[in-house]
Amino acid sequence: MEKKLRVGIVGCGKHMFEFIYTCLRWTQQVQVVAVCDIDEAKLNRFSNYYNIPQTYTDYNEMIAKESLDAIVCVINEQMHYEVAKAALLAGIDIFVEKTPSSTSQQAEELIELQKQSGKTAMVGFNRRFMTSYVMAKEIASRPEFGGIHMYQSQFNTTPYKSEAYFKLNHVIHHLDLARFMMGEIKLTQVQRVFIDDKRVGYTISFRSESGGIGTIQSGSLLDELYPMERLELIGDRQNVVVDNVKNLVYNRPPSQKKDQFKPYALLEGGDTLSWNTSHGLYPKHSHHGYEDELVYFIDCLVNGRKPEPNYEDAVQTMRLLEDMEVLLAEQVK
């Protein structure tokens, strides 16, 4: 019988309890042997519901007592940094949800620990694994697309608990998505609209190293029950649009119509190609990337590969968030 990876869970909050833990069912290569949370009520609910044999209120104690191959941690940016640091120092691979750390300096510290330990802390930027965005990246990489010349995304949500938290936990997703699609980018301008600390919006402009230009619109001014997310990549006479995560349209130059009596016939090699997942069937897969990123993380560990995005990659996104702060500060002067 194939030996399973011994995995520990840190953080029993809503996201872990309702979704992230169940994503591990997509792989048969793990055995969750311990779970940790400082809130004993959450800890007991989690361990009883999922039948986890060992519980801890201190992750350092869990690391010391359990022989773990990997940790999956979902709490907050500061705890992601602290737990990842403890795991790497103990020689344990770790998966942390975004946001990976509070600052780029913390991420850089963990890069050094990755190098010293030979282990990896993978960061859960799930949009890199979303079905529609993976499709869009593949399309934009085709020679026929001609490269991404223009980029536009929208990522809006309901009022947040603070502007600082909104940037660190929401805007960061689409800064990372832009890097995923276009390679390294440089921010050129940030415009801000402000109602109060919970309701704020940004338009972020950038230029990629490959020469493309783009904008990201992100605000906490809507209700998240409405469609809140959109991406458009413009190539050479064609574009690909991802609307509301689960709808993709690839518009190509119209095919040459050889039959004058069928001037509007849709032909292979041109016109529009689309993808829209079924909402009629009972959903076994969310297409939001969480299942795929965890399967990918475990598969990398089993097969001796280094998963990405790790901290060496994540630090680049963290720096963009800090560049955004500099551009915002310049507006105040």
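Buried means under 20% relative accessible area, exposed means over 50%, and partly exposed lies in between (1.4 Å probe, protein chains only). This is a predicted model, in which local features need pLDDT of at least 70 and side-chain atom pairs count only at pLDDT 80 or more, while totals for chains, interfaces and linings use all residues. Residues are numbered from 1 along each chain as its sequence is written, and side-chain values use heavy atoms, with hydrogens and water left out.

Q: What makes the contact of arginine 192 and glutamate 163 a salt bridge?
A: The term needs a side-chain nitrogen of Lys or Arg within 4 Å of a carboxyl oxygen of Asp or Glu. Here the N to O distance is 2.9 Å. The pair links distant parts of the chain, with arginine 192 in strand 8 (residues 185–196) and glutamate 163 in helix 7 (residues 163–182), 29 residues apart. Helices (H or I, at least four residues) and strands (E, at least two) are DSSP runs, numbered from the N terminus.

Q: What class does arginine 192 fall in, and why?
A: Arginine 192 has 41% relative accessibility, so it counts as partly exposed.

Q: Why do the side chains of aspartate 236 and arginine 237 count as a salt bridge?
A: They meet at 3.5 Å, N to O, and the limit is within 4 Å. Aspartate 236, at 37% relative accessibility, counts as partly exposed, whereas arginine 237, at 65%, counts as exposed.

Q: What do arginine 127 and glutamate 229 tie together?
A: Their side chains meet in a salt bridge of 2.8 Å, N to O. Arginine 127 lies in the loop between strand 6 (121–124) and helix 6 (131–140) and glutamate 229 in strand 11 (residues 229–234), so the pair ties together parts 102 residues apart in sequence. Both residues are buried.
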